[in-house]
Amino acid sequence: MRDLIKRIRIESGMSQEQFAIAIGTTPLSINRWEHGKTEPNKMAQKQLYQFCKDNDVDLAKMIIEAKQYPHKENKLILYHGSKKGIVGDIAPVSRSECDFGKGFYMGTNTLQPLTLICAEEKPKFYTVEVDLSGLKVLHVEIGLEWAMLIAYYRKEMKDAEGSAIYERFAHYADGYDMIVGYIANDRMYTELTRFFNKTLTDVALVNCLSALDLGMQYVAVTEKACKQIKVLKEEALHPLELFALMDMSVARRKEGIALADEVEIKFRREGIFFDEETTKLLQSL
């Protein structure tokens with residue numbers, strides 16, 4: 001918190017005295033905040049947040065950069081967001097309707113885990129180190145099979161239950177300890193529904209889902225994989241951080257919708273529809 005407050009002030013080009021006047025506090029309070037002797041209360045943090053909004057200070061960017069852990073050579077550093085914090089040992093206990101089913105989810109950058117938990121009351125942010133040695137890892141490249149696998153885990157293929165295609169994706173990740181794949185954007189449900197209703201082609205679907213680059217996710221789906229995850233850092237998120245991240249989350253959702261709309265228009269005449277794709281997939285079985 002202290003480094004963040006100091007950075008806000010410095011990037012605003014203000015002295016401690018000027019900054020104190022701008023947010024309605026005392027220079028002594030600013031000094032104590034910047035040296036970590038005290039922290040601003042929730043009201044003061046809201047004033048800091050409003051100052052950033054009024055002065056075009058990119059607070060969310062500062063937070064995302066500050067949470068980035070220093071690179072460690074030959075080490076896989078990932079990030080995890082938790083609604084209330086990890087209790088006990090790390091385990092594959094997320095909701096089963098997540099992108100790749102039940103597991104312990106980690107991202108390659110800080111943005112997605114942070115925005116995922118920013119609406120929670122007492123979220124925790126984790127930096128972890130993952131050892132992949134001895135694990136069977138499934139790498140899912142971006143494409144139709146990636147989209148279909150997510151559709152299966154998100155319960156968007158229920159109408160096809162019992163079919164050859166359904167069984168294919170139901171057992172796609174059998175025997176693997178870790179799944180690695182791209183994170184799909186927030187337009188997923190709408191686009192998958194349109195694809196299954198045969199109003200959107202496979203090419204348009206994949207491009208829509210990947211339009212907003214959210215990075216890669218690593219999902220530990222077995223206890224074996226979870227035991228090879230080491231927590232390097234646990235951080236509680238302050239109200240100031242949550243305010244800024246919620247703003248960014250809303251903005252990126254709108255950005256994703258706008259991008260998907262553009263992609264739909266661009267690719268509406270390319271690719272094939274779900275019934276044609278079903279035939280093609282059945283032939284490959």
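This is a predicted model: local features need pLDDT of at least 70, side-chain atom pairs count only at pLDDT 80 or more; totals for chains, interfaces and linings use all residues.

I started with Lys 75, which is partly exposed at a relative accessible area of 42%. Residues are numbered from 1 along each chain as its sequence is written, and side-chain values use heavy atoms, with hydrogens and water left out.

Next I asked which residue forms a salt bridge with Lys 75. I found Glu 129, with the closest N and O atoms 3.7 Å apart. A salt bridge here is a side-chain nitrogen of Lys or Arg within 4 Å of a carboxyl oxygen of Asp or Glu. I wrote down that the pair links distant parts of the chain, since 54 residues separate Lys 75 from Glu 129 in strand β3 (residues 124-130). Strands (E, at least two residues) and helices (H or I, at least four) are DSSP runs, numbered from the N terminus. Glu 129 has 13% relative accessibility and counts as buried.

**Other salt bridges**

I then looked up how many salt bridges the rule gives. The count comes to 12. As a reminder to myself, side chains of opposite charge can pair when their charged atoms come close.

One of the entries is Lys 67 with Glu 235, at 3.0 Å from N to O. This pair also links distant parts of the chain: Lys 67 sits in helix α5 (residues 59-67) and Glu 235 in strand β7 (residues 229-236), 168 residues apart. Buried or exposed? I found both Lys 67 and Glu 235 buried.

I also recorded Glu 97 with Arg 95, where the closest N and O atoms are 3.9 Å apart. Glu 97 is partly exposed, at 30% relative accessibility. Finally, I found Arg 7, Glu 11 and Glu 65 linked in a network of salt bridges.

**Cysteines**

I looked for disulfides, meaning pairs of cysteine sulfur atoms within 2.5 Å, and the structure holds 0. Cys 52 is in none; the nearest cysteine sulfur belongs to Cys 118, 16 Å away. Cys 52 is buried, with a relative accessible area of 2%. Cys 226 is in no disulfide either, and the nearest cysteine sulfur, that of Cys 98, is 13 Å away. At 3% relative accessibility, Cys 226 is buried too.

Conventions. Buried means under 20% relative accessible area, exposed over 50%, partly exposed in between (1.4 Å probe, protein chains only).
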